[in-house]
Amino acid sequence: MKHSRLWLSATIIALVVIGGFILSVPHTEKDDGAFLSKSAEANIPLVTLRDSFKKGVHTITGSLEAPNACTSVSAEAVYATDSPETGDILVLLSLLADPGICLQLPTRISFTATVSAPANLPIRVLVDGAAATTTAL
């Protein structure tokens, strides 16, 4: 009688442990690329811009979200033109990571760039060579 209770208790404990393991292990399902599209959208940086034009010089200020507060940004503005009638201002941003230890908390970092160009030109922004989404301040 004693041994049957012991075996019954051991079986119940084993079933609870196995059931808990099965429920706690993540299940993989076919996702049809939805995860990839979400991560690709997350990699497109959002840059806020403000363009001040005075005496033929554009002063472009803005900010973007960096992975941490130790990251710095390098900004350069270029007047890109295919012909005298068309052109745009290209803002090239480079994120420079600090190799030290830093809290991995996304942080907005400001930048400023100037360029001589005609008024009312569209502005394109590249962050580390990738096109960025921009919003005006």
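1. Strand 6 and strand 7 pair in the antiparallel sense over two bridges, where two strands count as paired if DSSP finds at least two bridges between them. Strands (E, at least two residues) and helices (H or I, at least four) are DSSP runs, numbered from the N terminus. Within this pairing, Leu126 stands opposite Ala131 in strand 7. The hairpin that the strands form has two residues between them, and Asp128 takes a positive phi near 50° there.

2. On the basis of the model: this is a predicted model, in which local features need pLDDT of at least 70 and side-chain atom pairs count only at pLDDT 80 or more, while totals for chains, interfaces and linings use all residues. Residues are numbered from 1 along each chain as its sequence is written, and side-chain values use heavy atoms, with hydrogens and water left out.

3. The protein chain has two helices and eight strands, and from the N terminus on the elements run α-α-β-β-β-β-β-β-β-β. If contact is taken as heavy atoms within 4.5 Å, then among contacts between residues at least 6 apart in sequence, 73% join residues at least 24 apart.

4. Strand 4 (residues 88-96) and strand 6 (residues 123-127) run parallel and are joined by five bridges; in strand 6, Arg124 is the bridge partner of Leu90.

5. Which residues touch the most other members of the largest nonpolar core? They are Val47, Ile89, Leu93, Phe111 and Val125, out of 19 residues in that core, a nonpolar core being a set of buried Ala, Val, Leu, Ile, Met, Phe, Trp, Tyr and Cys residues joined through side-chain atoms within 4.5 Å. Strand 1 (46-54), strand 2 (57-66), strand 3, strand 4, strand 5 (107-116) and strand 6 each supply at least two residues of this core, and the largest share, four residues, comes from strand 5. Leaving aside neighbours within four places in sequence, Leu93 is in contact with residues including Val47, Leu64, Val73, Phe111, Val125 and Asp128.

6. One disulfide is counted, under the rule that a pair of cysteine sulfur atoms must lie within 2.5 Å. The disulfide joins Cys70 to Cys102, with an S to S distance of 2.2 Å. The pair links distant parts of the chain, 32 residues apart, with Cys70 in the loop between strand 2 and strand 3 and Cys102 in the loop between strand 4 and strand 5. Because the torsion about the S-S bond is about 90°, the disulfide is right-handed. The two cysteines fall into separate accessibility classes, since Cys70 counts as partly exposed at 28% relative accessibility, whereas Cys102 counts as buried at 18%.

7. Asn68 also has its place in the loop between strand 2 and strand 3, and it counts as buried because its relative accessibility is 9%. Its side chain makes a polar contact of 3.4 Å with the side chain of Gln104, a polar contact being a pair of N or O atoms within 3.5 Å, where within protein one must be able to donate a hydrogen and the other to accept it, and residues adjacent in sequence count only if both atoms are side-chain atoms. Among the residues in contact with Asn68, leaving aside its neighbours within four places in sequence, are Cys102, Leu105 and Ile109.

8. Two backbone torsions deserve a remark, because most residues other than glycine have a negative phi. Asn120, although not a glycine, has a positive phi of about 60°; this residue is found in the loop between strand 5 and strand 6 and counts as exposed, at 78% relative accessibility. Asp128 is likewise not a glycine and has a positive phi of about 50°; its place is in the loop between strand 6 and strand 7, and with a relative accessible area of 47% it is partly exposed.

Definitions and conventions: Buried means under 20% relative accessible area, exposed over 50%, partly exposed in between (1.4 Å probe, protein chains only).
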